Amino acid sequence: MDATCTKPNLLDLDRPGLAGLLTQLGEKPFRADQLLQWLHARGCDDFAAMTNLSKALRERLAQETEIRVPEVTADQQAADGTRKWLLRLPGGSAIETVYIPEARRGTLCVSSQVGCQLNCSFCQTAQQGFNRNLSTGEILGQMWTASRLLPPHPVREKPITNVVFMGMGEPLLNFDNVVAAIRVLLDDLAYGLSKRRVTVSTAGVVPMIDRLREECPVALAVSLHAPDDALRDELVPLNRRYPIAELLDACRRYVAGDDRRRVTFEYTLLAGVNDHPAQAKALAKLLARVPAKVNLIPYNPVAGLPYETSPPEAVAKFRDEVLRHGLVATVRKTRGDGIDGACGQLAGKVLPRQRRSTHVPVVV
């Protein structure tokens with residue numbers, strides 16, 4: 001963090017955190033409800049405008065705290081309506097956040113780290129190295145900023161109906177800050193999203209999947225990308241620490257006790273690498289005992305990486321083979337590729353701190 005940022009950032013605090021801060025200031029804890037609404041439901045960054053708070057409290061908040069959000073340095077919009085923001089952070093790094101509009105939903109794809117530690121071989125973000133985790137306020141700052149910049153939707157009550165942690169970074173390696181941010185996203189006085197409308201995507205950090213189930217069981221997506229350990233070791237090096245069998249056991253535990261819940265398995269199709277019908281059959285067999293749906297993702301090319309997009313006919317054959325074995329399978333429509341906002345293309349600006357390596361993080 002920037003050493004000059006000495007005041008508490010109110011976006012780092014959920015409702016109990018705000019109540020604790022206000023208690024320290026000699027205020028009643030219920031003021032946290034009002035402050036939370038001003039910060040998130042109304043997107044207010046002017047203490048003077050928070051008129052149901054006393055003037056003395058407003059002045060003290062202005063003196064002793066701040067509402068600090070990432071700075072928008074680029075705002076791009078693709079022909080399909082997808083919008084991408086480049087957000088500068090204290091210290092000079094930058095992250096990217098993407099908004100994907102659809103008829104019935106508007107999805108915000110948020111980042112959780114500056115760069116990524118996992119070194120997945122086909123991902124643009126992985127090529128940037130890793131700098132640090134985002135704070136809770138920096139995660140929520142993406143939602144706060146997008147909510148203010150997006151125009152009202154002509155049909156939906158809100159432009160943003162869903163949030164997915166599928167941007168830069170591995171969310172479960174920034175567990176505490178991600179969960180704290182999710183609690184605000186779910187809070188009825190803040191953004192009021194339901195648990196099924198917030199999705200955490202992970203490459204498979206098994207111990208943290210179990211913790212997420214215990215602490216904040218939102219929707220879970222798993223970046224699988226291969227039907228066997230040998231190939232997944234190459235594509236997703238984290239698999240060497242948490243192989244597929246352990247990962248699938250964690251997925252079964254995650255949805256246990258609720259017959260309506262499913263884990264989404266994301267599978268990026270790479271031409272000649274993992275897109276053969278025999279691999280589709282192996283994938284279906286692998287997931288046969290997991291409450292699952294499969295999201296097939298045509299690869300979005302990244303300059304300098306040795307992969308190509310599977311042709312449409314190969315994608316269709318792969319999907320049909322998965323469907324034939326009784327699984328739900330859909331092909332994700334590529335969105336935002338014209339502005340490098342599609343899956344696997346986010347890069348941002350990662351200042352060197354921990355360079356990309358073959359190291360696999362271990363979580364106990």
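The model is predicted: local features need pLDDT of at least 70 and side-chain atom pairs pLDDT 80 or more, whereas totals for chains, interfaces and linings use all residues. Residues are numbered from 1 along each chain as its sequence is written, and side-chain values use heavy atoms, without hydrogens and water.

Two aromatic pairs are present, a pair being rings of Phe, Tyr or Trp (its six-membered ring) with centres within 6.5 Å, stacked if the planes are under 30 degrees apart, edge-to-face if over 60 and tilted otherwise. The centres of Tyr267 and Phe318 are 5.0 Å apart and their planes lie at 35°, so this pair is tilted. Tyr267 belongs to strand E10 (residues 263-269) and Phe318 to helix H10 (residues 312-324), so the pair ties together parts 51 residues apart in sequence; helices (H or I, at least four residues) and strands (E, at least two) are DSSP runs numbered from the N terminus. Tyr299 and Tyr307 form an edge-to-face pair, with 6.1 Å between centres and 75° between planes. Both Tyr299 and Tyr307 are buried.

In helix H8 (residues 244-255), Ile244, Leu247, Leu248, Ala250, Cys251, Tyr254 and Val255 are buried. They cover an arc (from the directions of the C-beta atoms about the helix axis) of only 155°, which puts them on the same side of H8. Gly257, which follows H8, has a positive phi near 90°.

Technical notes
Buried means under 20% relative accessible area, exposed over 50%, partly exposed in between (1.4 Å probe, protein chains only).
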